[in-house]
Amino acid sequence: FVALFAIALAAPAPDHDEHAEILKLDAEYKEDSYAFVAETSDGFSRHEEGKLKDFPGNEHDHEPHKAIVVRGTYSYKDPHDGKVYTVNYVADEKGFQPVGEHIPIF
């Protein structure tokens, strides 16, 4: 749970203005889930939710285990070209999976 949460939080995000003001910051935490929204004056925004999910055991460990599945999006305004870029992502048992029009697909 903690490792996958750390991966989701470590998702690459662009640098933004260190003097930006927080315009919105809402968070909700429950026993098996969380959600938050953050927006700053420099055009950065992030919306994310995570929920514990049961996964079946593997051939070595037949016991089921829990992990968190994270879904979210973040947007930022590029200081060089002024364009707003958006990244949607999922972080689950398959790792961090970002999708955005500016992200190459391999």
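This is a predicted model: local features need pLDDT of at least 70, side-chain atom pairs count only at pLDDT 80 or more; totals for chains, interfaces and linings use all residues.
Residues are numbered from 1 along each chain as its sequence is written, and side-chain values use heavy atoms, leaving out hydrogens and water.

Now for the whole chain. Of its 106 residues, 30% count as buried; buried means under 20% relative accessible area, exposed over 50%, and partly exposed in between, with a 1.4 Å probe and protein chains only.

Let us visit two residues. S75 sits in strand β4, which covers residues 65–77. S75 counts as buried because its relative accessible area is 14%. Leaving aside residues up to four places away in sequence, S75 touches G43, F44, S45, V84, Y85 and T86, a contact being heavy atoms within 4.5 Å. With T86 there is also a polar contact, side chain to side chain, at 2.9 Å (a pair of N or O atoms within 3.5 Å; within protein, one must be able to donate a hydrogen and the other to accept it, and residues adjacent in sequence count only if both atoms are side-chain atoms).

E21 lies in the loop between α1 (2–9) and β1 (22–29). E21 is exposed, because its relative accessible area is 54%. E21 touches E39, T40 and S41, again not counting residues up to four places away in sequence.

Notes. Helices (H or I, at least four residues) and strands (E, at least two) are DSSP runs, numbered from the N terminus.
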